[in-house]
Amino acid sequence: MRKKIVAGNWKMNNDLQQTEALLDDLIANTPETIAKIVVAPSFVSLTTAVAKTHGTNIIVAAQNMHQAESGAYTGEVSVNMLKSAKVNTVILGHSERRAYFGETNALLAKKVDTSLAHGLTVIFCFGEELADRQSGNHFNVVESQLREGLFHIAQSGWDSVVLAYEPVWAIGTGETASPEQAQEMHAFIRNLISEAVSPAVAEETSILYGGSVKPDNAAEIFGKPDVDGGLIGGAALKAADFLAIVNGIQ
Ligand code: PGA
């Protein structure tokens, strides 16, 4: 059975004290759930977050990682640094990384390889821009992002991959894809995996939806058969909202 996952991407929000406060709130109020709960604070707060969530069912992820093992890359964070901090999950390819930091499919392929080689779980993000959807090119864009950034991995690597479909036009805009639009794309993605990798891998791979998921739309989106949870931005910054979204997983 593929996993249900609700992941909070805190982006460049929450300093160390705010991270501790939000985690305290999440830990105190986590509901009984079948969902795996993931939070991705900033690099600065990762060790504190790992310590605080020890013994809970909250998993701490990083928001990014460099593709090289080590070296002269000022300001960057390596896979071994994450592992030494007991962070075993990393978000790669978020649209903000692609748009503001020039991350290409080819670069992401390298980051994926480094992550998987070191046993990390990758939450691989992708999704079309508004112009792509308006021109009807959204399926092609998503297919290229997956084929060029991810589909080269060995079949065994898929055990450590979670997909996050995030249409760029829905991120932080308050405009969400309709549950039908999400389902249509998720079914397309699962079918691609089935053809490019195998039907079994397609069946087992969790595909999250991201883009303006809120407490009042989560259950309907998560209720679609090919939507296995969500990657949450803005609404992950308030414990009550994030946990209400977790409750949208049935
Ligand atoms: P949002 O962000 O929920 O604020 O739209 C989602 C994301 O960027 O992962």
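**Ligand site and buried residues**

Visitor: Starting with S212: buried or exposed?
Guide: S212 is buried, because its relative accessible area is 9%. Buried means under 20% relative accessible area, exposed means over 50%, and partly exposed is in between, with a 1.4 Å probe and protein chains only.

Visitor: What kind of model is this?
Guide: This is a predicted model, where local features need pLDDT of at least 70, side-chain atom pairs count only at pLDDT 80 or more, and totals for chains, interfaces and linings use all residues. Residues are numbered from 1 along each chain as its sequence is written, and side-chain values use heavy atoms, with hydrogens and water left out.

Visitor: Back to S212. Where is it?
Guide: S212 sits in the loop between β7 (207–210) and α10 (215–222). Helices (H or I, at least four residues) and strands (E, at least two) are DSSP runs, numbered from the N terminus.

Visitor: What about phi there?
Guide: Phi of S212 is positive, near 55°, and S212 is not a glycine. K11 also has a positive phi, about 55°, and is not a glycine either. K11 is in the loop between β1 and α1 (16–29).

Visitor: Which residues are closest to the ligand?
Guide: K11, H94, E166, G172 and S212 are the closest of the 13 residues that surround the ligand. The cut-off is a heavy atom within 4 Å.

Visitor: How much of the ligand does the protein bury?
Guide: The protein buries 97% of the 280 Å² that the ligand exposes when taken alone. Accessible areas come from the Shrake-Rupley method with a 1.4 Å probe; for residues, only the protein chains shown count as cover.

Visitor: H94 came up. Which side chain makes a polar contact with that of H94?
Guide: The side chain of N9 does, at 3.5 Å. A polar contact is a pair of N or O atoms within 3.5 Å; within protein, one must be able to donate a hydrogen and the other to accept it, and residues adjacent in sequence count only if both atoms are side-chain atoms.

Visitor: Where is N9, and what does it touch?
Guide: N9 lies in strand β1 (residues 5–9). N9 is buried, at 5% relative accessible area. Beyond neighbours within four places in sequence, the contacts of N9 include A40, Q63, I91 and H94. Contact means heavy atoms within 4.5 Å.

Visitor: New topic. How many residues are in the largest nonpolar core?
Guide: The largest nonpolar core has 64 residues, and L26, L146, L150, L163, I189 and F242 have the most contacts inside it. Another core, of 12 residues, lies apart from it, with A7, A61, A164 and L208 among them. A nonpolar core is a set of buried Ala, Val, Leu, Ile, Met, Phe, Trp, Tyr and Cys residues joined through side-chain atoms within 4.5 Å.

Visitor: What does L26 touch?
Guide: Not counting residues up to four places away in sequence, L26 touches W10, V39, I58, A239, F242 and L243.

Visitor: Now the loop between α9 and β7. What about T205?
Guide: T205 is in that loop, between α9 (199–204) and β7. T205 counts as buried because its relative accessibility is 3%. The T205 side chain reaches the backbone oxygen of V201 at 2.7 Å.

Visitor: And S206: which backbone oxygen lies 2.7 Å from its side chain?
Guide: The backbone oxygen of K3 lies 2.7 Å from a polar atom of the S206 side chain. S206 is in the loop between α9 and β7, and is buried at 4% relative accessible area. S206 and M1 are 205 residues apart in sequence, with their C-alpha atoms 9.5 Å apart.

Visitor: Last one. T104: how accessible?
Guide: T104 is partly exposed, with a relative accessible area of 42%. T104 lies in the loop between α4 (95–100) and α5 (105–117). The T104 side chain reaches the backbone nitrogen of L107 at 3.1 Å.
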